[in-house]
Amino acid sequence: MPDGTDLLCTRPRGVLRGAVLTLVFTGVLATAAATGSLPRQEPAAERAGAPPGAEREPRDRAPVDSAALNRAAAAAMADGKSGKKAAEEFVSRSGDRWGAVYDKREYEEFEQALDGAYTGVGLSAGRSGGDRVRVTRVQAGGPAARAGLRAGDRLVSVDGRPVDGLSVSEVVALLRGDGVPGSSVALRVERGRAAWTQTLRRARLATDPVTVRRLDDGAVLIRVEAFTKGVGTRVRDAVRKAPAGAGVLLDLRGNSGGLVAEAATAASAFLDGGLVATYDVEGEERAVYAEGGGDTDRPLVALVDGGTMSAAELLTGALQDRGRAVTVGSRTFGKGAVQMPSTLPDGSVAELTVGHYRTPAGHTVDGRGITPDLPAGERAEERARTVLSGLGGGS
């Protein structure tokens with residue numbers, strides 16, 4: 001995944017072209033938008049991420065009028081002004097907290113990220129105490145890792161611009177720059193009492209969002225960091241290859257979401273068909289279903305936290321509501337908005353909220369999140385393992 005509060009969305013590739021760019025990487029993916037037309041019968045790309053600290057309280061607002069948005073952008077262009085900027089101002093005034101406008105390059109980068117690749121320096125950034133920005137994760141083998149940067153380092157400035165007070169998305173945008181491999185970016189970093197400036201060269205990086213390993217007690221840990229293309233099948237294959245009777249600990253902590261279709265495929269690993277989520281598009285209700293043939297007997301515990309967002313919340317809600325998994329951890333982020341892209345006259349793309357997802361039991365996720373069955377804080381993984389063992393998931 002890419003840098004910053006990085007990105008991911010919820011839209012079936014090839015059907016919903018593109019997605020959301022809450023800018024890429026940071027452990028909390030950010031989202032961008034999509035270009036091209038979107039068939040109304042499919043779920044739209046959902047912004048799978050938001051800057052830490054974003055409000056949780058739901059707001060009921062009328063959908064943004066896409067036709068009026070296009071007229072505003074066209075009028076600005078006729079006056080020799082930026083259509084994209086006019087669209088951004090329009091969306092900002094609308095109160096659509098997930099709405100965003102992206103240029104063509106940003107959209108193309110997001111599509112690449114959905115394929116599991118991005119251009120960046122290989123670090124994740126997040127808020128830590130007030131306005132300060134810290135490195136939350138460093139991708140092995142990336143430019144940041146080779147330069148010796150570590151999780152916990154404070155990021156002071158990017159190319160001379162102080163980052164305190166900026167949104168994480170803005171920090172990510174600075175880290176990504178022009179998105180050209182080989183281009184340089186200077187980071188001012190603090191670690192304890194030491195401070196230095198580190199110049200990195202952006203590189204084309206591949207992500208590996210699924211990690212599978214066997215635990216000491218025989219259970220299988222499947223960690224999913226984002227629902228990029230192919231992730232659902234990898235989860236399903238991991239479950240099929242797990243030893244008979246071995247429990248599964250599905251770790252969705254810090255998962256900022258991704259493609260809804262991939263989350264549904266992942267749900268199919270544990271469900272024998274049936275409802276995963278419902279969603280409304282401009283007042284018309286639709287549904288997402290799991291495929292049949294999943295393993296419905298294997299003990300399963302899902303581990304979640306405040307960084308579990310979007311498509312990851314859809315999966316969590318389905319497993320919880322249908323009694324398939326015990327959920328452990330802390331309340332999830334609460335990102336359940338349905339968005340559809342609208343191409344503007346200048347080629348930029350506005351991603352506008354048109355509805356919201358709900359769990360199989362009809363619970364709204366957006367602004368509320370999902371409360372786990374068993375709350376757990378710093379020792380959440382330890383508690384999850386204990387619960388899984390109690391379900392008979394160990395050797």
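Which residues of helix H6 (residues 231-241) are buried? In this predicted model, the buried positions of H6 are Val231, Gly232, Val235, Arg236, Ala238 and Val239. Viewed down the axis of H6, these buried residues fall within an arc of 160°, so they line one face of the helix. Arg240 and Lys241, by contrast, are exposed and lie on the other side of H6. The cover over the buried residues of H6 includes two strands, S10 (210-214) and S11 (220-224), together with helix H7 (260-267).

The chain has 395 residues, of which 56% count as buried, and its secondary structure comes to 9 helices and 19 strands. Among the contacts in the chain with a separation of 6 or more, 69% are accounted for by residues 24 or more positions apart. The accessible surface of the chain comes to about 15,400 Å², and carbon and sulfur atoms contribute 46% of that area.

The packing of helices can now be taken pair by pair. Two packed helices are described by the angle between their axes and by the distance between those axes. For H6 and H7, the angle is about 10° and the axes are 7 Å apart, which makes H6 roughly parallel to H7, since angles under 35 degrees count as roughly parallel. On the H6 side of this pair, the residues in contact are Val231, Gly232, Thr233, Val235 and Arg236, and they meet Glu262, Thr265 and Ala266 in H7. Of these H6 residues, Val231, Gly232, Val235 and Arg236 also belong to the buried set of that helix.

H7 in turn packs against helix H8 (residues 310-321), where the two axes come within 9 Å and cross at roughly 25°. That angle makes H7 roughly parallel to H8, and H7 passes H8 in a right-handed crossing. Here Val260, Ala263, Ala266 and Ala267 of H7 meet Ala311, Leu314 and Leu315 of H8. Ala266 of H7 therefore takes part in both pairings, as it is listed among the residues that meet H6 and among those that meet H8.

The crossing of H1 and H2 is right-handed. In H1, the residues at this contact are Ala68, Leu69, Ala72, Ala73, Ala76 and Met77, which meet Gly83, Ala86, Ala87, Phe90 and Val91 in H2.

Ser310, which lies in helix H8, has a positive phi of about 55° although it is not a glycine. At 0% relative accessibility, Ser310 counts as buried. Asp159 likewise has a positive phi in a residue other than glycine, with a value near 50°, but its setting is a loop, between strand S5 (154-158) and strand S6 (161-162). With a relative accessible area of 49%, Asp159 is partly exposed, because the exposed class begins over 50%.

Note on methods. Residues are numbered from 1 along each chain as its sequence is written. This is a predicted model: local features need pLDDT of at least 70, side-chain atom pairs count only at pLDDT 80 or more; totals for chains, interfaces and linings use all residues. Side-chain values use heavy atoms; hydrogens and water are left out. Helices (H or I, at least four residues) and strands (E, at least two) are DSSP runs, numbered from the N terminus. Buried means under 20% relative accessible area, exposed over 50%, partly exposed in between (1.4 Å probe, protein chains only). Contact means heavy atoms within 4.5 Å. Accessible areas come from the Shrake-Rupley method with a 1.4 Å probe; for residues, only the protein chains shown count as cover. The arc is that of the directions from the helix axis to the C-beta atoms. Axes are lines fitted to C-alpha atoms, for helices over the stretch in contact, and angles run from 0 to 180 degrees between N-to-C directions. Angles under 35 degrees count as roughly parallel, over 145 as roughly antiparallel, 65 to 115 as roughly perpendicular and the rest as oblique. A crossing is left-handed if the near helix is turned anticlockwise from the far one by less than a right angle, and right-handed if clockwise.
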